[in-house]
Amino acid sequence: MFDDLHPVVSTYDNFDSVLVPEGHVSRSRNDTYYVTEDRVLRCHTSAHQLSLLKQGEKKFLVAGDVYRRDSIDATHFPVFHQMEGVRVFAKSELSSTELTPQDFVSQELKIMLEGLAKHLFGEVELRWVDAYFPFTDPSYELEIFFNGEWLEVLGCGVMQKQILNEASLVDEEAWAFGLGLERLAMVLFDIPDIRLFWTNDERFSKQFKAGMFRSGGHNMQKFKSYSKYPPCYKDVSFWLPDGSKFTENNLCEIVRSTAGNLVEEVKLIDEFHNPKTNQVSNCYRITYRSMDRSLTDEEINTLQDDVRETLVTSLGVTLR
Ligand code: DAH
């Protein structure tokens with residue numbers, strides 16, 4: 001188990017080593033935080049797969065913080081935690097079955113992860129969805145039914161041969177998975193908002209103790225939600241600049257850097273195209289809410305004014 005690998009990694013480790021193609025969206029500065037031209041805050045723990053395989057590891061877990069520029073809502077935060085698992089199968093293990101190596105490894109993977117889900121959640125509604133990841137084939141996502149929606153909790157698959165070969169494993173096969181730890185905890189404890197993991201409010205932290213899962217399993221107590229402070233909604237409408245580089249992630253980054261954890265959601269509520277001028281207008285609703293205290297009108301107005309101004313200076317929009 002590796003849980004202290006540094007979160008700043010090379011673009012080679014984050015992308016190339018796991019076969020993310022040139023030009024893939026995740027490589028863009030819109031989706032990933034670049035530290036320098038060729039170093040990034042890792043966007044997934046998969047960044048460590050190849051180097052650990054090269055060190056001869058055959059069965060390992062990597063847990064750590066990962067970073068993504070993303071939209072803002074109750075299940076997304078720019079830093080969260082993942083756990084990666086990899087298991088290599090030797091030639092001898094693969095030849096003891098009638099199945100093709102891929103089918104055998106796929107089957108082993110699904111059995112193991114369904115066992116994990118059952119161990120964590122007891123009886124829970126889950127489904128496998130076919131997926132695409134550059135580093136696995138076939139690839140799947142596991143979704144769990146939570147709060148009236150299917151929530152993706154992990155991605156997994158049979159590791160691409162090319163990665164194994166790069167680590168001089170030519171006769172072997174492997175499975176790999178990467179799961180989102182906050183999301184699992186949200187389902188497990190009924191935690192309604194990912195920002196709660198970052199609050200200092202004791203009404204949150206006092207409800208959790210190290211080791212409590214081991215003793216309670218899935219029967220343990222759910223999070224007792226305390227009454228939320230009231231939200232404050234602010235809409236902002238603007239014309240996109242010509243040949244716009246505007247993206248929702250950039251907007252969210254501005255809101256986040258101005259309002260920090262006081263922002264709960266950023267949502268496009270209206271889009272309008274003026275056929276005469278060929279201009280596009282967007283209206284976004286920003287929901288402000290603190291997890292720990294009431295907000296004043298004054299402070300929200302100041303934040304909103306800052307957001308509006310930065311939208312103009314950084315993204316070149318025209319406010320309406
Ligand atoms: N790295 C993927 C993500 O962050 C998750 C993942 C998918 C990890 C498939 C894996 C895998 O190891 O095999 O979304």
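View 1. The predicted chain is divided into domain 1 (8-189) and domain 2 (232-319), and the centres of domain 1 and domain 2, taken over C-alpha atoms, are separated by 33 Å. Between the two domains, 12 residues of domain 1 are in contact with 12 residues of domain 2. The chain holds 10 helices and 13 strands, and its C-alpha atoms fill a box of roughly 70 × 50 × 35 Å along the principal axes. Of the 320 residues in the chain, 47% are buried, while residues 24 or more positions apart account for 63% of the contacts in the chain with a separation of 6 or more.

View 2. By class, the lining of the second largest cavity divides into 5 nonpolar, 2 polar and 5 charged residues.

**View 3. The largest cavity.** About 90 Å³ of space lies in the largest cavity, which is lined by P192, L196, F223, S225, Y226, S227, K228, Y229, R289, S290 and M291. The lining of the largest cavity has 6 nonpolar, 3 polar and 2 charged residues.

View 4. R195 lies in the loop between α6 (181-189) and α7 (202-205). Is R195 buried or exposed? R195 counts as buried because its relative accessibility is 3%, which is under the 20% cut-off for burial. Leaving aside neighbours within four places in sequence, the contacts of R195 are with F77, N261, L262, V263, E264, R289 and M291. The C-alpha atoms of R195 and H76 are separated by 8.6 Å, although R195 and H76 are 119 residues apart along the chain.

**View 5. The largest pocket.** The largest pocket has a volume of about 910 Å³, and its lining takes in 43 residues, of which C43, R68, Q82, F133 and E152 lie nearest the centre of the pocket. The elements that give two or more residues to this lining are β5 (79-89), β6 (126-133), β7 (136-146), β8 (149-159), β9 (173-180) and α6, and the largest share, 6 residues, comes from β8. By class, the lining of the largest pocket has 18 nonpolar, 16 polar and 9 charged residues.

**View 6. Helix α6, mostly covered.** In α6, 8 of the 9 residues are buried, namely E182, R183, L184, A185, M186, V187, L188 and F189. Just after α6, D190 takes a positive phi of about 65°.

**View 7. Helix α4.** Helix α4 (residues 101-121) has 21 residues and reaches 30 Å from its first C-alpha to its last, close to the 30 Å expected at 1.5 Å a residue. The buried residues of α4 are F104, V105, S106, L109, L113, A117, L120 and F121. An α-helix has 3.6 residues a turn, so residues three or four places apart point the same way. The residue that follows α4 is G122, whose phi is positive, near 70°.

**View 8. Helix α9 and the elements against which it packs.** Helix α9 (residues 248-259) has 12 residues and reaches 16 Å from its first C-alpha to its last, close to the 16 Å expected at 1.5 Å a residue. The buried residues of α9, which are N249, N250, L251, C252, I254, V255, R256 and A259, pack against β11 (263-274), β12 (279-288) and α10 (297-315). Just after α9, G260 has a positive phi of about 55°.

Methods:
Residues numbered from 1 in each chain as written. Predicted model: local features only at pLDDT ≥ 70, side-chain atom pairs only at ≥ 80, totals over all residues. Heavy atoms only, no water. 1 Å grid on protein atoms, 1.4 Å probe; cavity = no way out; pocket = protein on both sides within 12 Å on 5 of 7 lines; lining within 4 Å. Points joined across faces, edges and corners; volume = space filled by probe spheres on them. Nonpolar A, V, L, I, M, F, W, Y, C, P; charged D, E, K, R; others polar. Helix = DSSP H or I, 4+ residues; strand = E, 2+ residues; numbered from the N terminus. Buried < 20%, exposed > 50% of the residue type's maximum accessible area, 1.4 Å probe, protein only. Contact = heavy atoms within 4.5 Å. Expected span 1.5 Å × (residues − 1). Domains from an automatic or database assignment.
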